[in-house]
Protein chains: 2
Amino acid sequence: MNFERSQPAPVSPTPGDPAVPSSPDPAGAASPDSARAPSQDLVRALTDERVIRALIDHRRLTRAELAAEIGISKPTAGESVRRLTERGLVADTGERTPGGRGRGRVGSYYALAPAIGGALAVTIGPEGIVAECLDVYGDGIASATRHPEPSRVGAALAEAVSEVRDLTPQPIRLAVVSAADPVDRVTGRLVQLPDSPFLVGELDPVAIICAYVDGPVIVDNDVNWAAAAQGRRDFAYLYLGEGLGAAIVDDGGIRRGSSGLTGEISHLLTVGPQGRAIAFIDLFGELGLRKPGTTAIDVPRLKESSTAVRETIATAVGGVIAAVIALADPEDIVVGGSWGPFLIGEIRAAAARLPRQVPLRAAAPTGSPASVGVRAEAISRLRASITADL
Amino acid sequence: MNFERSQPAPVSPTPGDPAVPSSPDPAGAASPDSARAPSQDLVRALTDERVIRALIDHRRLTRAELAAEIGISKPTAGESVRRLTERGLVADTGERTPGGRGRGRVGSYYALAPAIGGALAVTIGPEGIVAECLDVYGDGIASATRHPEPSRVGAALAEAVSEVRDLTPQPIRLAVVSAADPVDRVTGRLVQLPDSPFLVGELDPVAIICAYVDGPVIVDNDVNWAAAAQGRRDFAYLYLGEGLGAAIVDDGGIRRGSSGLTGEISHLLTVGPQGRAIAFIDLFGELGLRKPGTTAIDVPRLKESSTAVRETIATAVGGVIAAVIALADPEDIVVGGSWGPFLIGEIRAAAARLPRQVPLRAAAPTGSPASVGVRAEAISRLRASITADL
DNA sequence: TTTCCAAGGCAAGGGCCCTGACTAGAATCG
DNA sequence: CGATTCTAGTCAGGGCCCTTGCCTTGGAAA
C-alpha cells in the first residue's frame, strides 16, 4: 500500500501498479514534529526550509539578502545555500547584483534549481481536457488541450499529459486533477451514481497519469475545486447545470465525506409538483427536462420553460437549500452552473420562505473556477513536497 | 478582542468583561513551528515538552527513567527536570524508588506539579447540570450536580461551577461545556431556532463560567460532543429524542458550520403523510406527537403509536438520511436519542429503499456519550495548553 | 588611481545535546 | 558486619548549529 498521506485531500497513487514510481514516503509518516529526531539537526532542516521558502517568494536572492530576509546570520545563510546547492535544490543563477545598487562588492544571486520540478494541473470535463505544467512560482511552463469524443477521453488524457511531459524539462513531482463527475475518494476513479448525469464517463485518471508523473496523483470533483478557489471559510457552492452538485467548505476545508461523494445532491428529497416529496433529479424527469437518452438535464429547454415550471424548480432548489442549511450551516451559498444563476431571482424568493435565512449569491461567471482551484492546489502541494524532504 | 484561536472549536472568552482573566495569548498566534525563533532553544523547548508528555503518560518517573523513555541522555533529562522544576511545572514527589527494584542507588520520582492545574467539564441538559474538574491525567478531582427548575438554570450553573472551584486546590485553566440546545458558534450562547424544542433555554454559559476559570470557555452542542466521543473519521450521528439533531464528523473533525448550527435538522424537508414534502419537525405536529404547550416531541406517546404511524416516521427519517448521505457522505450513521434506536428496524427498512446505501447502527445505550466527549476534549485541551507555553 | 562599501568568509564564543567515566548510596551476599 | 553489586545522578569533553565581530574581496564612484 502506498496511499497518499496528507490528510485534507482526495487521493490515489494506484495501489497495484508496479510500474508506478509513486513517492517513496521515507522513514515513516512523520507526526507533527515532535516525533522527529530529538536533536538539533532539526534546526538546520528548519533553516534550509526557510531558505527555500524565501527563494520561492523572491525568486532570486544573494546570501546576504537571504540572511536579512530570514533573520539569520550571514554565515548561516551561506552554509545553508552551500548544503542546498550540493543537494541540487538551489543553484547559482550566474547573475550578479547590478551595479546600480551601490558601490559594494557584487553579490551572487541564487535561485531554486530547475531540478526541483513542476506540478501538473489537469481539468477534465465535457468541454475538453486541459493539462498544464506549473513551476514552484506558479508560472505555467507548458500546456496541452484536447477535445475528444466521449469514447476517447482516456486516450486523449494520456496524449495531453504526455505532450506536456515532453514539453517540460523539469521532473513532474505530482498531478492534481479536476473531473466533472463524482470521484471516488479512495480509488480516484470517476463513478457513476444511479440516475446522475455522467458527463465524462468511466475513467481512471490515476492509472493513466501515474505513468508520466513521479509522485502522487490527486483527483477530485470540479465543483469541489471551484469551491476551494473561492477562499472562504464556511460556505456552500450549489452547482446547477447539466448535472447537479454541491460543494461544502467548512472551517476553510472542503468536506468530502468517507468516499468523496459529499455534495451529490441528485437524490436529496425536496418539494415537487403539488407539494409532493420527490428526489431532486426526478423532478426534471417529471417536468420533461432531461436530455433524451441521457441522464443530463436539458438546459436550453429549461431556460425556455414557463414561469410555473421555473417556480416549481426554484421551490425544489429551495428544499435543497434547506437541507444545505440544516446539514452544513454555510455563511452564504453561491449558486453556479449553467442554469443556476439564470434562476437566481426565483431561487432567492423560494429561499426567503425558509425558516432559516442565508445570503445567496450567483457565481461570478469567471472563466473556469475549477481550474483556478486545481492550479492553486498543485502549486501548494508542489511547494509542500519540496520543503517536506528537508 | 480575545477570541480563542485554536481552529477546530467553538469558542468564547467573553469579549467585553474586564473581570475575566482570560488567557493572555502571548507573542502572537504561533504558526506551525517555523514561525518560531529560528534558533535552537526550540529544541530545548521540545525536550521539555517531551518530558511533560512522558510525565502525563507515566505519572511519575525518575530522571533516569525519563531519559530512557524519551530517548535522550541522562544529563539532558536532568537539566530539563531542573528547568521545569524551577518553573513550577514539575516537582519532586518525595517518593524514592522502591528497594524491590534492584540493588542500585535509589532514584527520586518526579511528577507534574499541582500548579499545572485542571480543566472543567460541564454538561447542561434537561436532566440536570454536572460540573466536574479533571486533572491532566484525566482523573476527576471534584464534581457538583444540580437539578434546577428551568427558570433557575443560570443560577444553578453558577452554583455548581463555584462549588467545584472551591473544592479544587489547583487553578482551573479552561472549561468545556456541553449544552442540550443549539449553540451559537461565535458567542457560545444557547440559541432558540424557530419551532425547535428549546430544552435548556436562554443561557450564556461563557459569561457565567468565565468568572471561575483562568482560560477559555468552550461551548458546544451535546450531540456534537457525543459524536466526537465515537472516535471515528467519517460518520454521522442522528439524534432522535425530544429534540432532533445530527452531528457530522468528516475527516476526523466535527463539522460545525459558520454559526455552529450544522445538524439542526428540524426544518429539513422530508416525506410526510401521503408522500407530501414536509419539514421534519412538522411531521410530529401533524401526527399529534408533540408535547402539549412545548416544542418537544412526546416520546412516550411516540413509542406507543401504531404501526402505520411508525412507518410514516421511519419513512421521514429515511428522507433525512438521504439528505445526510447526499451532503455528508458518512461511512455509517449512528442513530441515537430516546426513540431513534427504538425504531431502528423501521428506519433501516426505510433507508434500504434509498438509492445510496449506508450502514445504520443504533447508538450503544451508554451512560452519557456527550459527557465522554466533553471530558476528552477538556483533557486534551488542558494538555495542549500546558505544552503550549513551553 | 584611489576611495568607498557591501558581499562574503573566517574565527571565536555560546547553547544544546551526546558519550563515557565517575561518584553516591542502598540492597544483597558471604 | 563488611564486601559486593548495581543503578541514579553528575561531571568532563566534544560535536553541531547558530551568532557576533572582524577581515578580505572586488567592482563602482570619485
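Two exercises on a predicted model follow, each with a worked solution.

Residues are numbered from 1 along each chain as its sequence is written, while chains are lettered from A in the order in which they are written. Because the model is predicted, local features need pLDDT of at least 70 and side-chain atom pairs count only at pLDDT 80 or more, whereas totals for chains, interfaces and linings use all residues; side-chain values use heavy atoms, with hydrogens and water left out.

**Exercise 1.** Describe the interface of chain A and chain B by residues, buried area and salt bridges.

*Solution.* Begin with the contact (heavy atoms within 4.5 Å), to which chain A gives 54 residues and chain B gives 54 residues. Next take the buried area (accessible area, 1.4 Å probe, lost on putting the two parts together and summed over both), which is about 4200 Å², with 58% of it on carbon and sulfur atoms. Then apply the salt-bridge rule (a side-chain nitrogen of Lys or Arg within 4 Å of a carboxyl oxygen of Asp or Glu), which finds three across the interface; one of them joins Arg255(B) to Asp250(A), whose closest N and O atoms are 3.8 Å apart.

**Exercise 2.** Work out the strand order of the five-stranded open sheet in chain A, and identify its edges.

*Solution.* Strands (DSSP E runs of at least two residues, numbered from the N terminus) pair if DSSP finds at least two bridges between them, and the order is β5-β4-β3-β6-β7, with mixed pairing. Since β5 (140-146) and β7 (217-221) of chain A each have a single partner strand, they stand at the edges. Finally, β4(A) (residues 128-134) runs antiparallel to β5(A) and is joined to it by six bridges, and among the partners Ile129(A) is bridged to Arg146(A).

Key: Helix = DSSP H or I, 4+ residues; strand = E, 2+ residues; numbered from the N terminus.
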